[in-house]
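Please have the sequence and the model open while reading.

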Amino acid sequence: MSFSDSDSSSVGGTNEYKNFRQTSRDRLLFEMLGAANTENSKPWRVLIMDKVTVKVMSHSCKMADITDQGVSLVEDLFRRRQPLPSLDAIYFIQPSKENVVMFLSDMSGREPLYKKAFVFFSSPVPREFVNHIKCDTSVLPRIGALREMNLEYFPIDSQAFITDHDRALDDLFVESENSRRFDNCLNTMATRIATVFASLKEFPFVRYRASKALEDPTAASLRELVPTKLAAAVWNCISKYKSTIPNYPQSETCELLILDRSIDQIAPVIHEWTYDAMCRDLLEMEGNKYIYEVSSKTGGDPDKREALLEDTDPVWLELRHAHIADASERLHEKMTTFASKNRAAQIHQTARDGGEISTRDLQKMVQALPQYTEQVEKITLHVEIAGKINTLIRELGLRELGQLEQDLVFGDAGAKDVINFLRTNQNASPENKLRLLMIYASVYPEKFEDDKAAKIMQLAKLTAEDMTVVKNMRLLAGSDSKKATSAHSFSLKFNAQKTKQATRKDRTGEEETWQLFRFYPMIEELIENLCKGELSKNEYSCMNEPSPSTTKPAVPRGSTQSATSQTSQSAGGPKSMRSRRTANWARSSISDDGYGSDSILKAATLDFKKMGQRVFVFIIGGATRSELRVCHKLTAKLRREVVLGCSTLDDPPQYIMKLKRLSEPEPPVEAPKFF
């Protein structure tokens, strides 16, 4: 029996570097589930989890992975369970009083539910809970392990995680501040963020967006201090790891930048034109699940099928961050090349043209048929999805709207353009008009002062409830009187001499893209400045600021040259401003069989050993698809793995609903429900 923290962060060799999501998965499968594999243990075990840890597990592992580790049954801690005294049990639970009491109830007395218990806590366990367990003499001999896994976050991508705080805006930024809800949300969020660094055995510089009101703390509202308070709570958790986790780094190994949603209120609502974002924005998807119809073989009603758009699909992995027009072109190329070079496809076409098929050709076709069928189905599915999206773009008139959105952000359009659009596009959906006005309010906040908001609402034919969303954007921005005007903030200060304003500038040094691919989220600029050491210390403070003598550039793993200098050298001399050309950062070559996406799965894992220190960015209040795309883009560009953390990953309708809730009364507290 062991009363200790888990002492390894990866499996397969101490020198093997794994990406963020892979490390999380391996720790759960091998370090936790594999720990119960002893000489005297039975080949099958029971896995018991609570409502939080079951989400942690499902975000990292599939059921087949768990079964491969000898788990025959997965149970809910708070459901009545059948006694299985011949089997060992693995408990993966939060360190709460209720969970500890339930565990002791299972394993105490003369007839415990299981033979032996291996207990893993998802975050640091209070000493009094450990003592409580030790005091039960009937349970103590039945414990095979008692450890802190320190893994209580939810990976949603190879480079992203959430803390699963769907009501973070309500709890932290609501107008009627509730200190109990505020503290509970903030402390849980900090604990979950900290377990990311415990899992990866990384010790970060903790940087955060400082409140402008810190010079006069009495003038700062609680919501203005959210990043500051979260950074302090995360630092408090992480600093304890140095003495409690074996082999934990004693000096900084990476960067953490904590932001809130006020840094960029345009990114959550502007139309993002990538394949991934358009799928979420325009199609009725359930998480990653896309439901579609295929013709029935019996001639009846169409059959419904489900497809998961996730990393295991090589076509999705290749195209998800490409512009929808680019994705459509590449899918057409892929289908054409596949049909011309795949053996089964060629024979099939010969048969359709009335040609004779030899016995040898028929044999080759049968041999290639399984792969042919799978590949055709994958490509055909994505061709159908892209076609459906392009149809919706035309029907909803999104190109004109998207152009206006981009022009507003970059200062190429003003009030007259917005008014003209609203007058000439009366049939535009209320949601799209609201999103346009939210962007308009971010660029021209003075246009919503006094009775101006009512006039705009009347012109757009929106309800007062809709316009509440625009009003609530100010809650995230903080005290206008104290905050300096910047491109990042939603401030009432403006330049009266300027007829057109902008919150973005065209970025130099990059080859660009499609007409509606001009927009970039603010975190792209912030991450690049962080990696260059150019992040403003006045706007972004550090809990453990390095001294000038110890400040070093990020050194690639296995190399003596900094990632920043490599990027600078590759960047070369001056570059032209953005031109509207096809994007090439997302392109990949097509293999001879016409199905090049399979190689993408192998190429997706970059040579991390040659990369610099990791960069973590956490956004309080939710992140967006465009911000996730930027993290992947900058990982390749800066040669540093950029990991995005957030309370939730929101699509525009979800974000709008959350902003609308900020004015609503607090919902009644319900008793916890367990499935």
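## Overall fold

Among contacts in the protein chain with a separation of 6 or more, 80% link residues 24 or more positions apart. Contact here means heavy atoms within 4.5 Å. The protein chain holds 23 helices and 15 strands. Both are DSSP runs, numbered from the N terminus: helices are H or I with at least four residues, strands are E with at least two. Of its 675 residues, 54% count as buried. Buried means under 20% relative accessible area, exposed over 50%, and partly exposed in between (1.4 Å probe, protein chains only).

The model is predicted: local features need pLDDT of at least 70, side-chain atom pairs count only at pLDDT 80 or more, and totals for chains, interfaces and linings use all residues. Residues are numbered from 1 along each chain as its sequence is written, and side-chain values use heavy atoms, with hydrogens and water left out.

## Helices α14 and α15

Two packed helices are described by the angle between their axes and the distance between the axes. Helix α14 spans residues 398-409 and helix α15 spans residues 415-424. Their axes come within 10 Å and cross at roughly 160°. Axes are lines fitted to C-alpha atoms, for helices over the stretch in contact, and angles run from 0 to 180 degrees between N-to-C directions. α14 and α15 are therefore roughly antiparallel. The classes are: under 35 degrees roughly parallel, over 145 roughly antiparallel, 65 to 115 roughly perpendicular, and the rest oblique. The crossing of α14 past α15 is left-handed, a term for a near helix turned anticlockwise from the far one by less than a right angle (right-handed if clockwise).

From α14, the contact uses Glu400, Leu401, Leu404 and Leu408. They meet Asp417, Val418 and Phe421 of α15. The residues of this contact divide into five nonpolar, no polar and two charged. Nonpolar covers Ala, Val, Leu, Ile, Met, Phe, Trp, Tyr, Cys and Pro; charged covers Asp, Glu, Lys and Arg; the others, Gly among them, are polar.

Ala415 also belongs to α15. Ala415 is buried, at 19% relative accessible area. Leaving aside neighbours within four places in sequence, Ala415 is in contact with Tyr440 and Lys447. The C-alpha atoms of Ala415 and Tyr440 are separated by 8.1 Å, while the two residues are 25 residues apart along the chain.

## Helices α4 and α5

Helix α4 (residues 97-107) and helix α5 (residues 127-135) have axes that come within 11 Å and cross at roughly 10°. That makes α4 roughly parallel to α5. Lys97, Val100, Phe103 and Leu104 in α4 meet Phe129, His132 and Ile133 in α5. By class, the contact of α4 with α5 has five nonpolar residues, one polar and one charged.

## Aromatic pairs

The whole structure contains 15 aromatic pairs. Rings of Phe, Tyr and Trp (its six-membered ring) pair if their centres lie within 6.5 Å; planes under 30 degrees apart count as stacked, over 60 as edge-to-face and the rest as tilted. One of the pairs joins Phe203 and Tyr248: the centres are 6.1 Å apart and the planes lie at 65°, so the pair is edge-to-face. Phe203 lies in the loop between α7 (179-200) and β9 (204-209), and Tyr248 in the loop between α8 (226-244) and β10 (254-260), so the pair ties together parts that are 45 residues apart in sequence. Phe203 is buried, at 1% relative accessible area. Tyr248 is buried too, at 4%.

One aromatic cluster is formed by Phe20, Tyr153, Phe161 and Phe618.

## Buried polar and charged sites

Arg320 sits in the loop between α10 (314-319) and α11 (324-341). Arg320 is buried, with a relative accessible area of 6%. Not counting residues up to four places away in sequence, Arg320 touches Asp157, Thr274, Tyr275, Asp276, Asp311 and His632.

Asp466 is part of helix α18 (residues 464-477) and is buried at 14%. Beyond four places in sequence, Asp466 is in contact with Leu434 and Lys660. Asp466 and Lys660 are 194 residues apart along the chain, yet their C-alpha atoms are separated by 7.6 Å. Ser60, in helix α2 (residues 53-60), counts as buried at 10% relative accessibility. Ser60 touches Ser24, Arg25, Leu28 and Pro155, again not counting residues up to four places away.
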